[in-house]
Amino acid sequence: MEPDRAHLEPSPFNALPPVVVVMFFLIFGVECVFAAGEAGLVGGPGAIGWRLWAIGEYGFAPPVFNWMLNNGQWPLSEVMRFATYPFLHLGFVHMAFAAVIFLAMGKYVAEAMGAWVVPVIFFVCSFIGALIYGALLNEETWLVGAYPGAYGLIGAFTFVLWARARVTGQAQLQAFSLIGFLMGIQLLFGLLFGTDNTWLAELAGFMTGFTLSFVLVPGGIKALLRKLRGSP
């Protein structure tokens, strides 16, 4: 009798916390709709402009933010851009890199700190990233993409590595090697091909994620250190 292949080859999503899977499919699904429209598979001729329309309606717009800041008016239709821009991307490749980072970091953070921490860090870091980007720069480039939130999860991942280094007596600066590598790659690409200043939102997301972890880790950092030591 042939064994059940479903048991021999479990889905890779089975190992992921449900909240990580749901958020991944939101990021991936929105991009699939845009890609299908641009390929002419759905929506007719007008679907080609869906992405630009969505970015205009739901992307984070620094000019709009500055208008709200200067006039002290915060209409909900504009404030919600802080929560919607992470699900919009400039293309499939732009989405794919963010989604891969989100899956890897989201799984690790959920296992180390709890599944509920993932959406909290993602949305708070997306908010802070956009806030810093809009407040410190006089930019016309709109901010879209899951990168500030994903970098926030890298910040939480770095926090866990840093805490583990404290327990094991290893060099604590090694915990920051991933963010150093990513920022270095981004700098190199900027020098070679030119870039915008959205890296500031991503760096702000990372710093926020790292800092938030001191508060969000269940039981505090002492509990995390005990868990890393294997103590009850």
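This is a guided tour of the structure above, stop by stop, with what to select at each point.

**Before selecting anything**

The model is a predicted one, in which local features need pLDDT of at least 70 and side-chain atom pairs count only at pLDDT 80 or more, while totals for chains, interfaces and linings use all residues. Residues are numbered from 1 along each chain as its sequence is written, and side-chain values use heavy atoms, with hydrogens and water left out.

**The whole chain**

Colouring by accessibility would bring up the next figure: of the 232 residues, 41% count as buried, where buried means under 20% relative accessible area, exposed means over 50%, and partly exposed lies in between (1.4 Å probe, protein chains only). Taking contact to mean heavy atoms within 4.5 Å, one finds that among contacts between residues at least 6 apart in sequence, 77% join residues at least 24 apart.

A search of the whole structure finds four salt bridges, each being a side-chain nitrogen of Lys or Arg within 4 Å of a carboxyl oxygen of Asp or Glu. In one of them R51 pairs with E31, with the closest N and O atoms 2.8 Å apart. R51 lies in helix α3 (residues 50-58) and E31 in helix α2 (residues 18-38), so this pair ties together parts that are 20 residues apart in sequence. Is R51 buried or exposed? R51 counts as buried, at 7% relative accessibility, and E31 is also classed as buried, at 2%.

The side chains of R51 and E38 meet in a salt bridge as well, at 2.8 Å from N to O. Because R51 is in helix α3 and E38 is in helix α2, this pair ties together parts that are 13 residues apart in sequence. E38, at 39% relative accessibility, counts as partly exposed.

Move on to K107 and E111, which form a salt bridge whose closest N and O atoms are 2.6 Å apart. These two residues are four apart in helix α7, and K107 and E111 are therefore separated by about one helical turn. K107 is partly exposed, with a relative accessible area of 27%, and E111 is likewise partly exposed, at 46%. Returning to the previous stop, salt bridges that share partners join E31, E38 and R51 into one network.

Which residues of α7 meet α8? Select F102, G106, V109, A110 and M113 in α7, which meet V117, V118 and F122 in α8. By class, this contact has seven nonpolar, one polar and no charged residues, where Ala, Val, Leu, Ile, Met, Phe, Trp, Tyr, Cys and Pro count as nonpolar, Asp, Glu, Lys and Arg as charged, and the others, Gly among them, as polar.

Next, pick R164 in helix α9 (residues 147-168), which is partly exposed with a relative accessible area of 34%. R164 and A175 are 11 residues apart in sequence, and their C-alpha atoms are 8.9 Å apart.

I179, in helix α10 (residues 177-193), is buried, with a relative accessible area of 6%. Leaving aside neighbours within four places in sequence, I179 is in contact with Y151 and F206. The C-alpha atoms of I179 and L203, 24 residues apart along the chain, are separated by 8.8 Å.

**Last stop: the cysteines**

Finally, select C32 and C125. C32 counts as partly exposed, at 31% relative accessibility, whereas C125 is buried, at 0%. With a disulfide taken as a pair of cysteine sulfur atoms within 2.5 Å, the count comes to zero.
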